[in-house]
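Please read it with the sequence and the coordinates at hand.

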Amino acid sequence: MSKSPWWASTSIYQVYPRSYADSNADGIGDLPGIISKLDYIRDLGVETVWVSPFFASPQLDFGYDVTDYEDVAPEYGTLADAQRLIDECHSRGMRVMFDLVLNHTSDQHPWFQRSRSSRSNPKADWYIWADGRGKHGRKPPNNWKSAMEFTSAWQYSPVRKQWYMCSFLPFQPDLNWRNPEVKEAMFNSVRFWLDKGVDGFRLDIFGQIMKDPGLANNPVRPHFYNGFPRLTDRVHTENTPDNVTLAKELRAVVEEYPGDRVLLGEVFGGPQVLRSFLGDGDGLQLVFLFDFLTYRYDADWFRSTISEFERNFPAPQQPTYVLENHDRSRTIDRVGKDPAKAKVLAVILLTVRGVPTVYMGQELGMSNTALRFKDALDPVAATVYRRVPQAVADRMSERLNRDEMRTPMQWDASAHAGFCPDGVQPWLPVNPDYQRGVNVAAEHADPDSMLNLYRRLFALRREHESLRSGSLAMLEALPEGVLGYRRNDIFILANLGEQPATVRYTGEVLAQTGRVVLANGRTTLFPDSSVILRTVVPKMG
Ligand code: GLC
Ligand code: CA
């Protein structure tokens, strides 16, 4: 039997470079800052670090708008720093993944500057250009919508008298991946980083790269999708079969290298669509399963969601669960900032079968920072804020202003939570709760902290093969409100209900949160508690 690859049982920690640690007192996190915290990450027990984009960029979408895929933005450091980041992860026994924005570039990328200059230049066909409709072509080519949903995906260029497509925001033109020169150039940038030793990539909006070349209108059908309203079914712009073909081509590029380099896709869709991106083991190795981002704090919800992904991602496929990231609300805010509930969620995330991903600060129980919409630096918030009143935005569980989840990492109780020196203005304000114990230093000293729970859970994953690679079986006939599953010899039980509940399981307690009482071969879980038990097999003779 072949040994399963490293990524199949790894754990991933997402670092948002702008907000992790500022090494040179300009208020902006940077690569040397991240490097200075790698011991912290290693001691947390994480196995793989994923760093959000730090490539050359005007930073209108904070790095998701690239002007050079093979260079580092000066505020983040140099190419030598990027190399050092890779090497220093490796020397600590960790893996490192970078973030590839393949779908679009910045409109300031030299390729686009050239492309927009005429209809006949050498880069003319590097982006998705089309003639408009109507007598003078001043109507967009079709009904495709941008990520903002209520605006067209098309932008007009008076120079070319044509429209170019932007799946996300108007300054992020979509590359034309049907042009072999584009593919070649981008694959070479992928090789550029593989040559430096990066262990893999997170792939930004991967399901949106290949659109219908015939530009057919998407069918109109207002509905809710992933927590947000949509006017159309995006059958011609998202998850088309050609994206799966592209996944296989990209896989072939990483297979040119030794060491099982990994591709992790940001893809949205139902379980079967997500599964299709893995091909027959020849596509992406992993895709994010975003359902936990919009979890219901409810045992039945977790039971059915986990079961559904178990059916669709059977071993050797690995589900890749995520509770929070740089785009979506912090976990703890979805449960009324209740740390007991957030701890139960941490136990679930780190004990279900698959690859868990943790967003920087999640391990501290960091919460969304209340910020005024109109001050937003996030271009998404800046786009929608005139349409959505502050009072409405405040009440939404989805956060329209992504700045709220991107405020600096909270290291200690000193000025700016130790993110940057006193007297320096951090690029976003620090959440004031760092002064109330939500910071690394304070939590390090508190055995009951969120941080120490995450450390314990990561340690358990490293120690117990059952948690890394064991199968998952749901426990049946549990009291109402209780979620339970078994990973070989390890049992995980969590009470998400409102009443204490007693179950007929017992064993050695590997970890617990909240109030749990073991007596007479039974375990009683009080509301918002959880326990990880190892069944102890009696010694014979
Ligand atoms: C992804 C990123 C997000 C970015 C967008 C456009 O959803 O996670 O931060 O703004 O793609 O690249
Ligand atoms: Ca800096």
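The model is predicted, so local features need pLDDT of at least 70 and side-chain atom pairs count only at pLDDT 80 or more, while totals for chains, interfaces and linings use all residues. Residues are numbered from 1 along each chain as its sequence is written, chains are lettered from A and ligands numbered from 1 in the order in which they are written, and side-chain values use heavy atoms, with hydrogens and water left out.

## Domains and sheets

The protein chain is assigned domain 1 (6-104 + 179-457), domain 2 (110-165) and domain 3 (472-534); such bounds come from an automatic or database domain assignment. The centres of domain 2 and domain 3, taken over C-alpha atoms, are separated by 57 Å.

Helices (H or I, at least four residues) and strands (E, at least two) are DSSP runs, numbered from the N terminus. Two strands pair if DSSP finds at least two bridges between them. A barrel is closed by 8 strands in the order 1-2-5-9-12-13-14-15, with parallel pairing. On average, neighbouring strands of this sheet are turned by 25 degrees against each other, direction ignored. Contact here means heavy atoms within 4.5 Å; axes are lines fitted to C-alpha atoms, for helices over the stretch in contact, and angles run from 0 to 180 degrees between N-to-C directions.

An open sheet is formed by 3 strands in the order 6-8-7, with antiparallel pairing. Its edge strands, strand 6 (129-130) and strand 7 (154-157), each pair on one side only. Strand 6 and strand 8 (residues 162-165) are joined in the antiparallel sense over 2 bridges, and the bridge partner of Trp 129 in strand 8 is Tyr 164.

## Pockets and cavities

On a 1 Å grid over the protein atoms alone, a cavity is a set of points where a 1.4 Å probe fits but cannot get out, and a pocket is an open set with protein on both sides within 12 Å along at least five of seven lines; lining residues have an atom within 4 Å of a point. Grid points are joined across faces, edges and corners, and a volume is the space filled by probe spheres set on the points.

| Space | Volume |
|---|---|
| Largest pocket | about 870 Å³ |
| Second largest pocket | about 430 Å³ |
| Largest cavity | about 70 Å³ |
| Second largest cavity | about 50 Å³ |

The largest pocket lies between domain 1 and domain 2, because both give residues to its lining. Of its 37 lining residues, Ala 147, Met 148, Phe 168, Phe 228 and Val 380 lie nearest the centre. Strand 11 (228-232) and helix 10 (379-384) each supply at least two lining residues, and strand 11 gives the most, with 3 residues. By class, this lining has 17 nonpolar, 6 polar and 14 charged residues. In this classification Ala, Val, Leu, Ile, Met, Phe, Trp, Tyr, Cys and Pro count as nonpolar, Asp, Glu, Lys and Arg as charged, and the others, Gly among them, as polar.

The second largest pocket is lined by 23 residues, and Ser 4, Pro 5, Trp 7, Ala 8 and Pro 316 are the closest to its centre. Helix 6 (241-255) and helix 14 (465-469) give two or more residues to this lining, the largest share, 3 residues, coming from helix 6. The lining comprises 9 nonpolar, 8 polar and 6 charged residues.

The structure holds 3 cavities of 30 Å³ or more. Residues lining the largest cavity include Trp 144, Lys 145, Gln 208 and Arg 234; at least three residues come from each of domain 1 and domain 2. This lining divides into 2 nonpolar, 5 polar and 3 charged residues. The second largest cavity has among its lining residues Glu 324, Ile 332, Met 366 and Tyr 454, and its lining divides into 5 nonpolar, 3 polar and 1 charged.

## Backbone features

Most residues other than glycine have a negative phi, and most peptide bonds are trans. The peptide bond from Ala 315 to Pro 316 is cis, with omega near 10 degrees. Pro 316 lies in the loop between helix 8 (299-312) and strand 14 (320-322). Phe 62, a residue other than glycine, has a positive phi, near 45 degrees, and lies in the loop between strand 3 (55-56) and strand 4 (68-72).
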